[in-house]
Every structure is written in C-alpha cells, then in structure tokens.
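Have the sequence and the 3D view open while you read.

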Amino acid sequence: MNELAITVIGRDRPGIVADVAEVLARLGANLTDSTMTRLRGHFAMTLICVGPAAADLEAALAPLAADGHLLATVRAVTPDGGSEPTGEPYVLAVHGADRMGIVAAMTRVLTDAGGNVTDLSTRLTGSLYVVVAEVELPPGVSDEVAGRLTRVAAELGVGVSLRPADTDLL
Amino acid sequence: MTGPEYAGLGGWTPEKLGVPGEVRPVVTAPEPVLSQPGPEVDPTSAEVVRLAADLVATMRVSPGCVGLAAPQVGVSAQVFAVDVTGHPKAVTVHGTFVLCNARVVEASRWKAGREGCMSVPDLTGDVKRASRLVVEGVLPGTGEPVRLVTDGFEARALQHEIDHCAGLLFLDRVAGAHAIYQRKVYL
C-alpha cells in the first residue's frame with residue numbers, strides 16, 4: 001500500500017472538501033489523518049491517504065486545479081507506524097503586537113531544548129498576533145525552557161506562557 | 001477552613017462608593033498594560049474609589065459584560081468589578097461588586113468553558129477554571145476584608161478578572177492549539 005501526503009489549498013468556496021474527497025474515493029484512496037480549515041479566506045487541506053500511486057492521484061486531482069484557484073500536491077511518504085510521545089505535553093501561548101519572527105524565535109527555543117511541536121496554530125486579528133502550540137518537552141526541562149521563552153518574548157515585546165497540557169481523561 | 005470569619009459582601013453596593021462612575025475607554029490587546037501584573041492598591045484612596053465606580057459604570061454600559069478589571073481601562077492595579085446577575089449560566093450570584101487585592105484561596109472542580117473578553121474582541125477560547133471557588137479581597141472605600149464563596153459562572157468570571165490583575169489574558173490559559181476561535185457573535 002502506498003502512503004500519500006496530499007495538500008490542497010485555494011480560495012475558499014463551498015464544495016472543495018466534497019470535490020477532493022470524491023476524487024480520493026473514486027481512486028480507492030483511503031483518507032486517514034487530516035486537517036482541513038479556513039485560513040483568512042483560503043481553504044487548506046493536509047491529508048494522509050493510503051491507496052493508489054501518487055502519479056495517478058495527482059492526475060485525478062489536476063482538473064480541480066485547472067481554473068487556477070486550487071493548488072493540489074501529492075507525494076509518496078514512508079509509513080512510520082505512528083509516532084509515540086517523546087516527552088511531557090505542554091501548551092505554549094504567545095500573544096502580542098504582530099512582528100516578524102515570533103514563531104521562529106519561540107520554536108527555536110523549544111527545539112534547542114529537545115522539544116517537539118505536535119500542533120500549532122496562529123491568528124492575526126487587528127494588530128494582535130496569537131500563537132498557541134502543543135509541545136512535547138523532555139522531562140525536567142520545562143522551568144528552564146519557560147525562563148528562556150520569557151527572555152526571548154521580552155526581546156520581541158510579546159507575552160508568553162508555558163503550562164502543562166491538561167491530560168485528564170474522562 | 002482558615003481565614004477571616006466574615007462571609008459575603010455584607011450588603012455592599014456600588015452606591016456606597018459615594019461617587020458617580022464615569023465610563024472609561026476599554027483598551028484591547030496587544031496594549032502592554034494588559035500583560036503587566038498590577039500592583040496592590042490602597043482601597044480607601046480617593047483614586048481607587050473613583051476607579052471602582054468607573055469600572056462599574058463602564059461594565060454597565062458594555063453589552064454582555066460580566067466583569068471588568070483595571071488594566072482593561074488602562075490602569076495597572078489589582079481592582080476589578082464583577083456582575084453576573086441574570087446570566088443564564090450563573091448559579092451563585094453576589095450582584096454587582098468591586099474587589100481590590102483579590103486572590104484565590106480555594107479552587108476545585110475544574111471545568112472547561114468558552115471565554116471571551118472585551119480586550120480581545122475578535123477571539124474566544126476554551127479555558128479550564130475552577131467551578132468551586134473561594135476568593136478573599138478588600139472592598140473599595142471601606143477597605144473591609146471579604147471572603148466570597150461562589151461557583152460556576154461567577155467563579156469563572158472572578159478567575160478571569162483576577163488573571164487580568166496579574167497581567168494574564170484567557171489566551172494564556174487556552175487548552176490547546178485548536179482551542180481559540182474567531183468570534184462569531186458579538187453581544
């Protein structure tokens with residue numbers, strides 16, 4: 001079985017998910033994990049599928065992109081058998097006046113500490129920029145990471161908080 | 001249980017401040033004052049009494065507003081107003097009140113809920129807060145210490161406002177990367 005990484009992005013309109021999913025179903029591509037969301041008027045889909053050859057799927061998606069409003073890419077990837085958590089889960093929140101390099105600077109601190117970002121979203125609303133990231137950190141480094149994040153945030157003129165993620169299960 | 005022996009607000013109302021409140025402009029993020037921890041205040045000072053009255057007045061003219069903290073009107077200080085009267089989610093309701101130098105002394109039964117904020121007008125977020133809460137603070141004007149035992153929506157409002165006084169927004173406590181939402185309904 002081929003595992004495929006697919007991205008589709010374009011100006012939002014009703015029917016993008018239905019159009020793409022129909023193509024996948026017709027070619028026998030089984031949609032596994034995905035995120036599909038609207039980003040400032042663009043609709044973005046990131047999908048992992050199992051099934052056909054990458055070239056066949058790319059060709060089948062091509063008509064959707066023919067009007068120039070959608071961009072679709074397909075790439076064969078190596079199945080990794082699922083990823084195990086590598087550390088303790090934390091939530092990083094950053095907010096402040098928008099400026100260049102906030103995500104770059106904050107995530108570099110996490111990476112240098114051996115952390116791994118597992119989910120991240122950003123929002124720009126007016127001049128307010130908000131970053132929320134879910135991060136796995138090696139045991140015992142969170143205090144030091146929080147200190148470094150605070151120093152970097154001060155240089156950028158933004159606020160930052162790093163809190164243990166809520167791991168309660170029902 | 002330790003702490004003061006008094007309970008509730010002892011019949012306090014904003015009218016006891018003795019000054020008419022004026023509506024002040026509400027600042028929005030990323031205004032730096034919203035991210036600064038506010039200092040404790042002298043609750044008997046004329047300045048704090050005026051601020052308390054202004055917070056109540058500004059809260060009352062703001063549709064859907066159930067609480068307003070000093071940093072939201074540009075003043076870095078541990079003062080806030082709360083009024084959840086009539087809110088459909090409220091259980092225990094202490095009416096309109098202002099607290100100075102408030103702190104959480106007991107918190108339990110944490111529950112997730114959606115929060116918004118006049119200072120973050122375009123976003124809402126999922127935040128876990130204690131639904132059983134004990135808060136101690138002092139009343140503006142008299143400086144009388146109070147101990148409030150509350151729950152549910154009023155407890156959430158109190159924690160949100162105490163956070164403001166510590167320079168924290170609900171954004172600092174959202175549950176995860178997908179727990180922030182573009183606001184769809186403005187009250």
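## Chain A at a glance

Of the 170 residues in chain A, 26% come out as buried. Buried here is a matter of counting: 20 or more other C-beta atoms lie within 10 Å of the residue's own, while 12 or fewer makes it exposed, anything in between is partly exposed, and the C-beta atoms are placed from the backbone. This is a predicted model, in which local features need pLDDT of at least 70 and side-chain atom pairs count only at pLDDT 80 or more, while totals for chains, interfaces and linings use all residues. Residues are numbered from 1 along each chain as its sequence is written, and chains are lettered from A and ligands numbered from 1 in the order in which they are written.

Chain A has four helices and eight strands, and reading along the sequence gives β-α-β-β-α-β-β-α-β-β-α-β. Those elements are DSSP runs numbered from the N terminus, with helices being H or I of at least four residues and strands being E of at least two. The C-alpha atoms fill a box of roughly 50 × 40 × 30 Å along the principal axes. Chain A is split into domain 1 (2-77) and domain 2 (88-164), with bounds that come from an automatic or database domain assignment. The C-alpha centres of these two domains of chain A are 31 Å apart.

## Strand 5 and its partners

Strand 5 (residues 88-97) of chain A is largely enclosed by the rest of the structure, because seven of its 10 residues are buried. What does strand 5 of chain A pair with? Strand 7 of chain A runs antiparallel to it, joined by 10 bridges, and strand 8 (residues 158-164) of chain A is also antiparallel, joined by seven bridges. (Strands pair if DSSP finds at least two bridges between them.)

For landmarks, look for Pro89(A) opposite Glu136(A) in strand 7 of chain A, and Leu92(A) opposite Leu162(A) in strand 8 of chain A.

## The cores and the chain contact

The largest nonpolar core has 79 residues, and the members touching the most others are Val132(A), Leu55(B), Val79(B) and Phe80(B). A nonpolar core means a set of buried Ala, Val, Leu, Ile, Met, Phe, Trp, Tyr and Cys residues joined through C-beta atoms within 7 Å. Strand 7 (residues 128-137) of chain A gives the most to this core, with eight residues. A second, separate core of 15 residues includes Leu24(A), Ala29(A), Met45(A) and Leu70(A).

Where the chains meet, the contact takes 21 residues from chain A and 16 residues from chain B. In contact means that two residues' C-beta atoms, placed from the backbone, lie within 7 Å. On the side of chain B that touches chain A, strand 4 (residues 120-138) of chain B gives the most, with three residues. That side divides into 10 nonpolar, three polar and three charged residues, where Ala, Val, Leu, Ile, Met, Phe, Trp, Tyr, Cys and Pro count as nonpolar, Asp, Glu, Lys and Arg as charged, and the others, Gly among them, as polar.

## The annotated site in chain B

Which residues does UniProt list for "binding site"? Its unreviewed entry lists Cys117(B), His160(B) and His164(B). They are spread over 48 residues of sequence but cluster in space, with a largest C-alpha distance of 10.3 Å. The UniProt positions are in the numbering used here, feature names are shortened, and annotations may be inferred rather than shown by experiment.

Cys117(B) is in strand 3 (residues 97-117) of chain B and is buried, because 25 other C-beta atoms lie within 10 Å. Leaving out residues up to four places away in sequence, Cys117(B) touches Leu169(B) and Phe170(B). His160(B) belongs to helix 2 (residues 152-165) of chain B and has 23 C-beta neighbours inside 10 Å, so it counts as buried too. With neighbours within four places in sequence set aside, His160(B) contacts Gly67(B), Glu115(B) and Phe170(B).

Arg40(A) has a positive phi, near 45°, despite not being glycine. It sits in the loop between strand 2 (30-39) and strand 3 (42-51) of chain A, and is exposed, with 8 other C-beta atoms within 10 Å. Asn101(B), also not a glycine, has a positive phi of about 50°, but it lies in strand 3 of chain B and is buried, with 20 other C-beta atoms within 10 Å.

One more to check is the peptide bond from Ala29(B) to Pro30(B), which is cis, with omega near 10°. Pro30(B) is in the segment before helix 1 of chain B.
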